[in-house]
Amino acid sequence: MVSTKPVSAPVAPGDVTARLTRRRGKSVLQKRENRAAYLFLAPWFLGLALITIGPIVASLVLSFTDYSLLESPNWIGFENYERMLDDPRLHNSLRVTFTYVFVSVPFVLALALALAMVLDRGLRGLPFYRSVYYLPSLLGGSVAIAILWKIVFGTNGLVNQVLGLFGFEDLPGWVGHPDYALGTLIILNVWTFGSPMIIFLAGLRQIPHMYYEAAAVDGAGSMRRFFSITLPLLTPIIFFNLILETIKAFQTFSQAFIVSGGTGGPADSTMFYTLYLYLRGFGAFDMGYASALAWFLLMIIAGLTAVNFIASRFWVHYGDD
Amino acid sequence: MATTELTQQGAARDAERRRRGRLKRLLMHLGLIAFGLTMLYPLLWMLSSSFKPTELIFKEPGLWPTEFEPGNYVEGWTALRNPFHHYIFNSLIIVAGAVLGNLLACSLAAYAFARLNFTGKKAFFAIMLGSIMLPVHVVIVPQYILFSNLGWINTFYPLIVPKFLAVDAFFIFLMVQFIRGLPRELDDSARIDGCGHFRIYWRIIMPLCTPALATTAIFTFIWTWNDFFSQLVFLTDPDLATVPLALRQFVDSQGQTSWGPLFAMSVVALGPVFGFFLAGQRYLVRGIATTGIK
């Protein structure tokens, strides 16, 4: 649109008709391309309507009902949302989830960045180390690893056995203790720092080497180089990883489910938001309330992402500004 | 005299610096290996414990089993209602459907986004990107109602059919990025030869997309194999249980007595993921890296 500048001032009549037919010809072609594109996108459109957007709208409607799957839904207005205001288990689950997100995500990102920096120094065996550190990311969400965690951090688990070698005695079962159970899950999340690390590594590769050479000529030390070159140029990647890891952490479910035997215990200390939603919706078949919870989750994630985006204006540097 | 002394001094300093550099590198390698070992230690310990009698699991932090108990695998395999390969087979059906669906549907959509100009492209692309971030938990309740009205609860359809509708937008994005990197001259020359869009997609773009398709297949395999939440929701019949659901049944039903067999089956559950990781790590690493960097 913007690029259709008026060309030379005097236009011959023949020129105009030529241009018109060309434009009309283009629009026929364009129509054909539109049709082709919509055909290619047909499965995706269908999925978007039926599996994604439809359900988002449907859950908004359901959140104003008392639907229980067995009886037809009744409109109850804002009752579900009012119920959320004084539902102590919900408030607890928010506290648990936010603690988990705000403690584990910074650790994940810091560890990922630190190891990416170390690995980027041209050491031999980079692919080997990269693979070793990445493996837990692939396994971390699986039920088998959650089972492993439950045993490793159990009363007689690996952690206490090793601590026993150093003379510690009468240690608690970490996963069974309300004060520590969440901590073990935070450790599990930090354990999966490998995939952001790989994204950081790829980002570090893109920083032109000449910046460092120029800085070295000017006598900048390694700290100075990190804070003046690496960190600013890496901010878009840090931002990307921050968004991704935050959303991922919010969705934690299977680890908490397996470690607590599906209860969110002990004493609701691993009652993640998603687990509470599952228990309301599919344990109690309280689907109206679960829909309200789902919408609230959507709002939280959209809100956090928006805050991140707004805040990013102050600390993320894109190459083009 | 003075100059040779200086060069000698310089050479000595160089050698000193090189030695210090080598020492530093060695220390770094040692640190990285120690860190990696600590990270992998629980996994190795689980592998070794799967060969230990249950009571030793809680006494031996070491990796070498003092007593071999390969019977854990036999016992674990037969501990549930069905032999364990029944659950593996269930998982494989779902995984195969999901992989096929993602490869087809996501590549079709990716071709349109990467190569075609159409009305509303920008808006649809933004919606597609946004849907990557949408947590499944937000839509699970209406999806459940939809699938239960279709009579699909306790079938594999809710876990397979959405993949044929390109619901995993992450892979659309991955393939768009990849196709954008392919030279357009190929399309143009094919078009001059009279190829339509579908022929170009199928004959030109798809064969060149093999790395992106491999990445998609491997990730879909691993994520579907590991998936717990949607399988837990849509499959409640114990005979339809997948590997993660079977492991969960195992934890619930066996109590504290048979951790050895449980570990053995957990190792079995992680095996395919580990295998795909070894075989396809190049694709995995490249796949993650290219989605992070534009």
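In chain B, helix α4 (residues 84–115) packs against helix α11 (residues 210–226) at an angle of about 145°, with the two axes 9 Å apart; helices here are DSSP runs of H or I with at least four residues, numbered from the N terminus, and axes are lines fitted to C-alpha atoms over the stretch in contact, with angles running from 0 to 180 degrees between N-to-C directions. The crossing of α4(B) and α11(B) is right-handed, that is, the near helix is turned clockwise from the far one by less than a right angle. This is a predicted model, in which local features need pLDDT of at least 70 and side-chain atom pairs count only at pLDDT 80 or more, while totals for chains, interfaces and linings use all residues. Residues are numbered from 1 along each chain as its sequence is written, and chains are lettered from A in the order in which they are written.

On the α4(B) side, the residues that meet α11(B) include S91(B), I94(B), V95(B) and C106(B), and among their counterparts in α11(B) are L213(B), F221(B) and W225(B), contact meaning that C-beta atoms, placed from the backbone, lie within 7 Å. The residues of this contact divide into 10 nonpolar, six polar and no charged, where Ala, Val, Leu, Ile, Met, Phe, Trp, Tyr, Cys and Pro count as nonpolar, Asp, Glu, Lys and Arg as charged, and the others, Gly among them, as polar.

Between the chains, the contact takes 60 residues from chain B and 71 residues from chain A. Both α4 and α11 of chain B are among the elements that give two or more residues to the side touching chain A, although the largest share of that side, 12 residues, comes from α14(B). The residues on this side of chain B divide into 45 nonpolar, 12 polar and three charged.

Terms used:
Two residues are in contact if their C-beta atoms, placed from the backbone, lie within 7 Å.
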